[in-house]
Amino acid sequence: MATIGSSYPTLIDAYKGSAVGAVIEILAQQNPILDDAIATMCNMDAVHRHMIRTGLPSVAWGRLYQGVPQSKATMQQVDDTTGFLEARSEVDTRLLKLASDPAKERLASSAPFLEAMNQEMASGIFYHDTATTPEKFKGLAARFAAYNTNPADPTKPNVANQVIHGGGSGSDNTSIWFVTWGDHATSLLYPKNSKAGVTVTPKEEEPKLDPTNNGTYYVKPTMFEWHLGLFVKDWRYNARVANIDVSDMRAGSVDVWALLRKAYYRLQSRRLNSMSSRIAIYMNRDVLEILDAQSSDRALLAANPNYTGLSQATIEGKEVKTYRGIPIRETDALLNTEALVPAVTI
């Protein structure tokens, strides 16, 4: 069984051993994206401005006594924004006095609030869109929102080339994502001169009115604040398999392995866990179950020699399933009710 490591620090690595680290570890239990994602500080307060290459320069063979035609790559300036999510937990001070470890009790009582924040952020990484909710941030689906029916021309790089049509035509669709985390590819964002991850602020004792008995009791609140955004510096390092019809997949008519292979070969770089990046695959439990079934069904394996089966690897102390050495992360943030991703011709 392979062991894969990385010297590229994740959000969890940055806070190990601290109280904030304990919070992020709790979040990571429900949101495996945090096992892989890196975070970059914005270069303009709560906005990150960067340039994206949208076209390659032209080149020409030289001849004696003839000049070289001038050319340049085409670039586009992009501003990615961040949003902030807040939660407030309150614990009765009498409960804290009875607890053997008041700090641990306070954190345990905050778990439902953390989980709610976590689900919202995990969903947002894939589905948020500033075009419809400007107070949030722009997620991956809003960027990889169409597939190219003719992606063969390398002189026309476009984000639609990175989207694979999964064959679905209804409204019960889901997606599989290949995401390369790195400052040259995809990264989470946090505002300038702030801290990445969740900010935990314990408050002093406050009086609280009991609406039932109209009496006063005392609580110790804890405030949680999470400033988060996302940027995609180079879309060629990511790939989306969209329009996977869930009912067809459950009926056995979707070759998940073939879709994975197509997406894998759309990636600009397939080097795993290098010094500057790490790749991960994200899918929900329904897709992973079918993928597992297709990799263990003897009849399917005999009929489809390209099915290599899922592998196991130990990644930073955890056993995970892998595809071609890339860790597969199960996340319920990916829905089975995605709208159909449209086609474009470039």
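Which side chains meet in a salt bridge at 3.0 Å, N to O? Those of Lys-208 and Glu-90 do, and they open the set of close-ups below. This is a predicted model, where local features need pLDDT of at least 70 and side-chain atom pairs count only at pLDDT 80 or more, while totals for chains, interfaces and linings use all residues. Residues are numbered from 1 along each chain as its sequence is written, and side-chain values use heavy atoms, with hydrogens and water left out.

**View A. Lys-208 pairs with Glu-90.** A salt bridge here is a side-chain nitrogen of Lys or Arg within 4 Å of a carboxyl oxygen of Asp or Glu. This one ties together distant parts of the chain, with Lys-208 in strand 10 (residues 206–210) and Glu-90 in strand 4, 118 residues apart. Strands are DSSP runs of E with at least two residues, helices are runs of H or I with at least four, and both are numbered from the N terminus. Lys-208 is partly exposed at 30% relative accessible area, and Glu-90 is partly exposed at 29%. Shared partners join Arg-88, Glu-90, Glu-206 and Lys-208 into one salt-bridge network. (Buried is under 20% relative accessible area, exposed is over 50%, and partly exposed is in between, using a 1.4 Å probe and protein chains only.)

**View B. Asp-79 forms a salt bridge with Arg-49.** Their closest N and O atoms sit 2.8 Å apart. Asp-79 belongs to strand 4 (residues 74–92) and Arg-49 to strand 3 (residues 47–55), 30 residues apart. Asp-79 is partly exposed at 37%, and so is Arg-49 at 35%.

**View C. Helix 4 packs against helix 5.** Helix 4 (residues 102–109) and helix 5 (residues 111–127) pack at about 45°, with axes 4 Å apart. (Axes are lines fitted to C-alpha atoms, for helices over the stretch in contact, and angles run from 0 to 180 degrees between N-to-C directions.) Leu-107, Ala-108 and Ser-109 of helix 4 make the contact with Ala-111, Pro-112, Phe-113 and Leu-114 of helix 5. Contact means heavy atoms within 4.5 Å.

**View D. Met-117 is buried in helix 5.** Its relative accessible area is 3%. Met-117 touches Leu-85, Ala-87, Phe-224, Glu-225 and Trp-226, leaving aside residues up to four places away in sequence.
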